[in-house]
Amino acid sequence: MNSKTISILILPVVAILALFSSGCAKKSEARPKMPEMIVSVVGFKAIQQPVQDKISLVGTLEANEMVEIKSEIDGTVEEVKFEEGQKVHKGDNLFLIDQNKLNASLDQAEANLKLAESTAERYKTLTESGAISRQEYDQAAANFEITQASVNLSREELHDATITAPFDGTMGERTVSAGQVITKGAVLSFVVNQDPIKASFHVPERYLSQVKIGQQVEMRVAAYPDETFNGEVFFIDPKIDDLSRTALMKAKVPNADEKLRHGMFARLQLIVNVTNHAVVMPDWALIVKGDEISVYTGNEDTTVAIKPVHIGIRMPGFVEVVEGVQENDVVVVEGYQKLFPGAKTKVRFEEEAVATSQGQ
């Protein structure tokens, strides 16, 4: 085969290759470009708000003041001057004990006092003149002092026949009626002052470094489950209970409407610390892997990055972020399972979640 024949054979092959290459180029130019993948997620803008560090406790309510009304003398109840449940003021008359016998005893004691006084004066004169011994005068003077004491006692008993309220408060049940004979020490009724009321509770010793006078408490009782009562710590027991290893604490709670009663069971939140400008976000945005905690962050309609965070106080549904997220940073709360660092996102915000957090 000569060179002319070879040239004739090559030309068709080159032509075919050229046509094939031209067709492939046209197909490549006609292929549409694949769109970039964008992941739709739900985001939340981290907010700044006060955060309270609380200790959950249980306690019992105690009246501010409460005493039993008792008789200091024997006698007959002459009159009851109040109704059960009545408001009374300090010094108001509550019970009157029959005073006839007491007045008679006082009259007798005062008569004996006059006789003892005149006897003592006469003996003094006789002693100075030497008519009687010094010993006889001393006996007369001592008798005068004894009689004076008897008069004072009769006057006190007469005063005790009128029983008055020791402070402002509300009267409880009375246990006696007019005409009833009573003995010294008998319980007649009780008076209670419940505004403010005291919440008594015990704090484990491990928290003692965090508690102090003046801290606030939030309290709930079964009778009013939807209402929160606020008070202030005024007492911390200086000693620790040997058995429970707890310290007794008390808080005063305003109680003008007297909804709260002595003896009620209470659930309390003792606020031991307040951070006024804490960064807060939903706790379901957290990605936990072992000891590491992170979140996906980014801006609206852009790429996301994963950041490690340090968290502080936990609240219902939300958490304080100590480090890693700033106010107004966007964190992904839903859909982060489909993400990877650098992924493009389309962010939808949950306004309801923001409102819920601000109401915590």
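Of the 360 residues of the protein, 34% count as buried, where buried means under 20% relative accessible area, exposed means over 50%, and partly exposed lies in between (1.4 Å probe, protein chains only). The model is a predicted one, in which local features need pLDDT of at least 70 and side-chain atom pairs count only at pLDDT 80 or more, while totals for chains, interfaces and linings use all residues. Residues are numbered from 1 along each chain as its sequence is written, and side-chain values use heavy atoms, with hydrogens and water left out.

The protein holds 4 helices and 22 strands; these are DSSP runs numbered from the N terminus, helices being H or I with at least four residues and strands being E with at least two. Its accessible surface comes to about 22,400 Å², with 52% belonging to carbon and sulfur atoms; such areas come from the Shrake-Rupley method with a 1.4 Å probe, and for residues only the protein chains shown count as cover. Among contacts (heavy atoms within 4.5 Å) with a separation of 6 or more, 74% are made by residues 24 or more positions apart.

Four strands form an open sheet in the order 7-6-4-9, with antiparallel pairing; two strands pair if DSSP finds at least two bridges between them. Its edges are strand 7 (162–164) and strand 9 (181–182), each of which pairs on one side only. Strand 6 (residues 93–97) runs antiparallel to strand 7 and is joined to it by 3 bridges. In one of these, N93 has T164 of strand 7 as its bridge partner.

A nonpolar core is a set of buried Ala, Val, Leu, Ile, Met, Phe, Trp, Tyr and Cys residues joined through side-chain atoms within 4.5 Å. The largest has 23 residues, of which I69, L94, F95 and M171 touch the most other members. Two or more residues each come from strand 6, helix 2 (100–129), helix 3 (134–160) and strand 10 (187–193). Helix 2 gives the most, with 4 residues. Apart from this core lies another, of 22 residues, including I55, A199, M219 and L268. Beyond its neighbours within four places in sequence, F95 is in contact with I69, V77, E79, V80, F82, A161, T162, I163, R174, V176, L188 and S189.

Helix 3 has 27 residues and reaches 39 Å from its first C-alpha to its last, close to the 39 Å expected at 1.5 Å a residue, the expected span being 1.5 Å times one less than the number of residues. Its buried residues are Y137, A140, T147, V151, S154, L158 and D160, and what covers them includes helix 2 and strand 7.

Two further residues complete the picture. T246 lies in strand 14 (residues 246–253) and counts as buried because its relative accessibility is 12%. The side chains of T246 and S244 are joined by a polar contact of 2.7 Å; a polar contact is a pair of N or O atoms within 3.5 Å, where within protein one must be able to donate a hydrogen and the other to accept it, and residues adjacent in sequence count only if both atoms are side-chain atoms. R348, placed in strand 22 (residues 344–349), has 48% relative accessibility and therefore counts as partly exposed. R348 and V41 are 307 residues apart in sequence, yet 6.2 Å apart in space, C-alpha to C-alpha.
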